[in-house]
Amino acid sequence: MSAQHDTDVLIAGAGPTGLVLACELARRGIAFRLVDKATEHFGGSRGDGIHPRTQEVFADLGVLDDLHAAGAGGIPMRKYEAGRLVWEGHPGEPVPATPGVPHPNAWFVPQFRTEEVLRKALAGYGGQVELGVELRALRQDDRQVTARLADDTEIRARYLVGADGGRSTVRRALGIEFRGETDETTKALIADVRLSGLGRDRALAWSRDGELASVQPLAGTDLFTVTASRDDVEPTPDGLREWLNRMSGLDLRVHEVHWNSVWRANARLAERYRDGRVLLAGDAAHVCPPTGGQGMNTGVQDAHNLGWKLAAVLRGADEALLDSYEAERYPVAEGVLRLSGRLLDLLREDDPEAHVRGPELNQLGLHYRGGPLAEERRAEPAAVLAGDRAPDAPVLLDGAEVRLFELFAGPHWTLLDFGGTSAGLALPGLDAHAVLREPRPGAVHDVHGHAHDGYGVDRPALLLVRPDGYLGWAGAPGDLADLRAYLLPKLGS
């Protein structure tokens, strides 16, 4: 007898990670419930930097235009030490877009705005967030997970995803160790405020007597974000005004505190991401210092990776597909923790260039080479290998200008048939495109050669792009049988 489920997937936690996962499931027609113990939506700036790879995820979800409209690019900064200017410049020097990277620079949007945009997208799919729904305990068997709520009611689901933050109830209920450390000696107060006395054209940072302070305009709002390197500063207009004026030597006035939080140097990683029918994502699986703005971005990409896999398994794909989630995302989190830690050390050392941000933060170079879903069959591999991010490129399709990312967008797999020498595969869930240097009806015309150059292809090749925009399989035109054998167990019905 089959189990009776209330839903296919229960998602605990409605921050960016949970919202992206819900959108991924919703656009694939998977039944879910998205719950959060909070009684109102989050209202702060935390996680306001959206890095280039995450912008590509949001473009795939169809929300990037709204996020661009809600925020702004980076601005210059001045850093002072004991009243003396020690550094001035752009923390992340803007770089031009290229054919393969359409969004090369970070974009800044307050997290509460990002969540608003994602909730709107979710509503377009008929989904919603259920506030005030708190998980207290769970149990599972080989058919379902049963979550008990604070009011003693229960929700039964085929799978449960804990996206409920660093203090995850789901992770604790499973007894999964959260390895790492919390440095109680490194703390900071962060507050979104209304203030006067500063312009909005640059950020400012000050260090004095071993303490740090900064003020940065909060993009898309009339607010500023204030950071104090000690948590005993009163998060009130008077307390913040006194602190800022002592640190800066300026005469600033703080009129209102919109939101505040105390941050601690926390670097932890769950010992595993999956326990049977329960999975962890976002801060429930990993927390890192905010230096470099990697936390929210990593959580969003967790959800982008997990969503299509959950949907496929629910539709009959091999359940081993879910094991690839941890295998691919765990090493990414390890790298993010190392990177954020190095940047935090620079800040602790009061390095004048501690705020400088390089391309290592954009997450475009993250890959799954050598992972369980990366199969490179070419005798002479090109620059872009199975497991790598699939680059974008401007092309023509039946004379109309399109981008490869537009062809990838959506819940399907995409086959790029460079040379058009194969008949392609006619499988549900797969879009196949011949990619040619010359025009042909129905084919992708690589009129400028950017697709061939971006993928390093100089001979006929078959490249299979996963639903999350990474190359899963790469081979030659004669490898269609191998391609079919790779793809079929991952499609579901």
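In this predicted model, eight strands form an open sheet with mixed pairing. The strand order is β6-β5-β13-β14-β15-β12-β16-β19. Strands β6 (84-89) and β19 (286-287) lie at the edges, and each pairs on one side only. Helix α8, which spans residues 323-348, packs on this sheet. The helix touches β12 (178-196), β14, β16 (253-270) and β19. Its direction makes about 125 degrees with that of β16.

Within the sheet, β14 covers residues 211-217 and β15 covers residues 224-228. These two strands pair in the antiparallel sense, over five bridges. In this pairing, S214 of the sheet stands opposite T227 in β15.

A further antiparallel pair is formed by β21 (residues 394-397) and β22 (residues 400-403). Four bridges join these strands. L397 stands opposite A400 in β22. The two strands form a hairpin, with two residues between them. In this hairpin, D398 takes a positive phi near 55 degrees.

The nonpolar cores were examined next. In soluble globular proteins, nonpolar side chains tend to be buried together. The largest nonpolar core of this model has 91 residues. V9 and F58 touch the most other members of that core. Helix α7 (residues 295-314) supplies the largest share, with 10 residues. A second core is separate and holds 21 residues. Among them are F405, L416, V435 and A474.

S248 belongs to helix α6, which runs over residues 237-248. S248 counts as buried because its relative accessibility is 12%, and the cut-off for buried is under 20%. The backbone nitrogen of L250 lies 3.0 Å from a polar atom of the S248 side chain.

Terms used: Residues numbered from 1 in each chain as written. Predicted model: local features only at pLDDT ≥ 70, side-chain atom pairs only at ≥ 80, totals over all residues. Heavy atoms only, no water. Pairing = 2+ DSSP bridges. Contact = heavy atoms within 4.5 Å. Axes fitted to C-alpha atoms, helices over the stretch in contact; angles between N-to-C directions. Core = buried A, V, L, I, M, F, W, Y, C linked by side-chain atoms within 4.5 Å. Buried < 20%, exposed > 50% of the residue type's maximum accessible area, 1.4 Å probe, protein only. Polar contact = N/O pair within 3.5 Å; in protein donor to acceptor, adjacent residues only side chain to side chain.
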